[in-house]
Number of protein chains: 2
Amino acid sequence: MNDAFQVHSDPELWEELGMDVARFSGMPAMLTGAYKNIFLSQHNRPEKMSYFDDMVANIHTGRIREIHDAKKGGKPVIGTFCVYVPEELVVAAGGICIGLCGGAQGSIADAEKILPRNICPMVKSAFGFKVGKICPYFQVVDLVYGETTCDAKKKTWELLDRYVPTHVMEIPQMKRERDKRLWLDEVKDFKAAVERITDTVTDFDAVAAGIRTINAKRFALQRLNSLRHHNPSPISGKDMLLIEQIAFYDEPVRFAQKVHELCDELEQRIGLGVAVAPTPTPRIMVSGTPMALPNWKLHHIIESAGAIVVNEESCIGTRYYKDLIDEGSKDLEQQLERLTERYMKIDCSCFTPNDDRIAQVFKEYEASGAEGIIDYCLQFCHTYNIEAVKLREACEARGIPFMSIETDYSPDDAGQLQTRVEAFLEQIRG
Amino acid sequence: MNDAFQVHSDPELWEELGMDVARFSGMPAMLTGAYKNIFLSQHNRPEKMSYFDDMVANIHTGRIREIHDAKKGGKPVIGTFCVYVPEELVVAAGGICIGLCGGAQGSIADAEKILPRNICPMVKSAFGFKVGKICPYFQVVDLVYGETTCDAKKKTWELLDRYVPTHVMEIPQMKRERDKRLWLDEVKDFKAAVERITDTVTDFDAVAAGIRTINAKRFALQRLNSLRHHNPSPISGKDMLLIEQIAFYDEPVRFAQKVHELCDELEQRIGLGVAVAPTPTPRIMVSGTPMALPNWKLHHIIESAGAIVVNEESCIGTRYYKDLIDEGSKDLEQQLERLTERYMKIDCSCFTPNDDRIAQVFKEYEASGAEGIIDYCLQFCHTYNIEAVKLREACEARGIPFMSIETDYSPDDAGQLQTRVEAFLEQIRG
């Protein structure tokens, strides 16, 4: 274990961002402890994980400084909560797009002073980070761009707007032609909102560059996920999850390069037969709702129980990077249409019907060589929770071991989850 | 109390409808007991309530027989779950539109065999009625028309479709021009779906007649609610709620006539100073989520505690009847546009933003002479639950006593609610 690892502090920067510095100053030490325990204690990690370790060490300092400097230089900085908000258009305007989903229990009490308790922990965590002024990313954004993918988020944006300018993009609930037209108009509104910050219009070349950059990031993640599917796996599920989480706040060009460097190492490992777990190790695919940083709870339970997570079918995982945008557009209108087409492939449970997702789950199940599916549902997420009924039936029909879990960020149910996961692994081991 | 009152049985009809007759046969007796206890025990009820008592007595027999006969005659029978589905177009086709929202605890265990537990009791109750084959209305419909107003309903329709043909209407989430266009297209799809059952096209005159009929029903309810606002009230809140619930399954022309007969009686009562409760009685307005038949829980608690409910700002109440459709259209296209405009005035919390609703709450608060608001939220209804944050703040700013309640259909929290309601009434009494 790397005992020297430490999440850095920069109280002056935080002060400048209007944070509650006194309260936040305990955060780096807490995160250091959790990270050492969950990540650095792993055996035989790839060396190229060191970049991602550094990204965690600099999560509240170096990366924030970069964003802060870009903002001072007039670049737009947009916070989002959903893979549906097209970051290509932010990058096209020279800006920075940051996923602000919250994955920590620590900010939930702040949220519950205002919001109802029985809504999704991710929404509460994010809202609480802003209300409590304990997230430098929330502090550094020019505005946040929410969307209407679920009831809790849709209505929370109305309240969040009091603390930070919050725009909302309407996501249609079906995928017919009329829905695609509606969504294309929303994409154009989003482009205009980003342009208002820079007071310049983003032209064809700029959009082309934005699409190339984000395509390249998604492609790097596709390559990594594909290598990770090798049996035995050359990288742990926890490390993969971490990288997927870092994808939402790192600089995209550098990030893609670092992912490729890791991929090169993993290819060598595969060639040499180096794995992170002995064979046979039960291979688990996780499906369902996303896991925002620092939500490592389920992966840590699964891998501590002697299995390995080999795929995340969720918005933190494949749903974010499985589709690229066609780069061969002739004009701006076609660029935006093709961007819209790519985004309409996202098989979020907010759509009805959403049967394409079931097919996608099985495609990923095959590709990853998984031996069972754990469907992960954030508490009170009605759409994924109800869609799990269909997913369970489809798994049972195919003889695929399936377990669904509904949980929040609290450690209270960790023991119970551990017991359930262990029983599930026994079932797989036969 | 009318000891002769009895909810009727007709096992032969139920058999014909494919119901679980053995299980359902206990229902009339249970409903009889509850109805006697909650409604017939009231003092000094208007005589013209006898029609509505009869509608309850015939809820599983006479009214079902009427609908069954109409269906045999080729008329479309459509089940709905939301005031957003335009019944004018069903009536225009000579058909019958029935609100299928479930308000009973008894069917929830059936639903929970399939659906997650922590979703809205109204959705679970309705779904359970169909799965358990214990609702004659569900059995008699040709198809149900769901919508996308909330996450739980949207995803449950996918499962309900296995038991009864279920179409879904997409309700936009904002109210801009592009949303109105989308919704006009949905209305046209709905009209076509109804027409497919009768295999005829509904023309201008038929739509005009449908609009007039439903306008007349809504107008009768407006008149009744207006008279009910008189202080002291000439009718109880429970009786008003019952009539509002019956509006969703009764024949609309007859229903409007009977409501007007009751209104005539209430005018006489007001002239004679006849009231259902002594003056001063605390006057409570209920806002929030709808109360489907036989959900009388909160009204019964409030009125048993010595107050009177003077307004329902919800989809079972004013949100259903506050707006009429302009009848002066020149052609079918204009009819549908004006219909769409009327429906877009519905201030459901599914919209973002939805600040018009706050203004409407205060308008009704003034009109009803209420002295406090109890906001009623069905458990796990995220949109109303989060919108209640704004409503509470707005009430506090105006010095209006406000209490929010989140509950389900179980009797378990009745004692706790009673205590909270009594404390709230003490606050109002000063």
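**Group meeting: a sheet, some salt bridges and a cavity**

In chain A, 4 strands make up an open sheet with parallel pairing, ordered β2-β1-β3-β4. At its edges stand β2 (96-99) and β4 (166-169) of chain A, each with a single partner strand, so one side of each has no neighbour in the sheet. From one strand to the next the twist averages 30 degrees. Strands here pair if DSSP finds at least two bridges between them. Helices (H or I, at least four residues) and strands (E, at least two) are DSSP runs, numbered from the N terminus.

Before going on, the conventions. This is a predicted model, where local features need pLDDT of at least 70 and side-chain atom pairs count only at pLDDT 80 or more, while totals for chains, interfaces and linings use all residues. Residues are numbered from 1 along each chain as its sequence is written, chains are lettered from A and ligands numbered from 1 in the order in which they are written, and side-chain values use heavy atoms, with hydrogens and water left out.

Back to the sheet. Strand β1 (residues 77-80) of chain A pairs with β2(A) in the parallel sense over 4 bridges. A:Thr80 stands opposite A:Gly99 in β2(A). Two helices lie across these strands. α5(A) lies across β1 and β2 of chain A and runs at about 140 degrees to β2(A). Helix α11 (residues 177-198) of chain A lies across β1, β3 (143-147) and β4 of chain A, at about 155 degrees to β4(A). Contact means heavy atoms within 4.5 Å. Axes are lines fitted to C-alpha atoms, for helices over the stretch in contact, and angles run from 0 to 180 degrees between N-to-C directions.

A salt bridge is a side-chain nitrogen of Lys or Arg within 4 Å of a carboxyl oxygen of Asp or Glu. By this rule there are 79 salt bridges over all chains. In one of them, A:Asp10 meets A:Arg65 at 3.3 Å, N to O. That pair links distant parts of the chain: A:Asp10 sits in the segment before α1 (11-16) of chain A, and A:Arg65 in helix α5 (residues 62-72) of chain A, 55 residues apart. Are the two partners buried or exposed? A:Asp10 is buried, at 19% relative accessible area, and A:Arg65 is partly exposed at 31%. Buried means under 20% relative accessible area, exposed over 50%, partly exposed in between (1.4 Å probe, protein chains only).

A second pair joins A:Glu158 and B:Lys390, with the closest N and O atoms 3.5 Å apart. This pair crosses between chains, from helix α10 (residues 151-160) of chain A to helix α19 (residues 382-398) of chain B. A:Glu158 is buried at 12%, and B:Lys390 is buried at 15%. Both belong to a network of salt bridges that also includes A:Lys155, B:Glu313 and B:Arg319.

The structure holds 4 cavities of 30 Å³ or more; a cavity is a set of points on a 1 Å grid over the protein atoms alone where a 1.4 Å probe fits but cannot get out, and lining residues have an atom within 4 Å of a point. Grid points are joined across faces, edges and corners, and a volume is the space filled by probe spheres set on the points. The largest cavity has a volume of about 90 Å³. It is lined by 14 residues, and those closest to its centre are A:Thr80, A:Glu87, A:Cys97, A:Phe248 and A:Tyr320. Which strand gives the most to this lining? The answer is β2(A), with 3 residues.

Terms used
1 Å grid on protein atoms, 1.4 Å probe; cavity = no way out; pocket = protein on both sides within 12 Å on 5 of 7 lines; lining within 4 Å.
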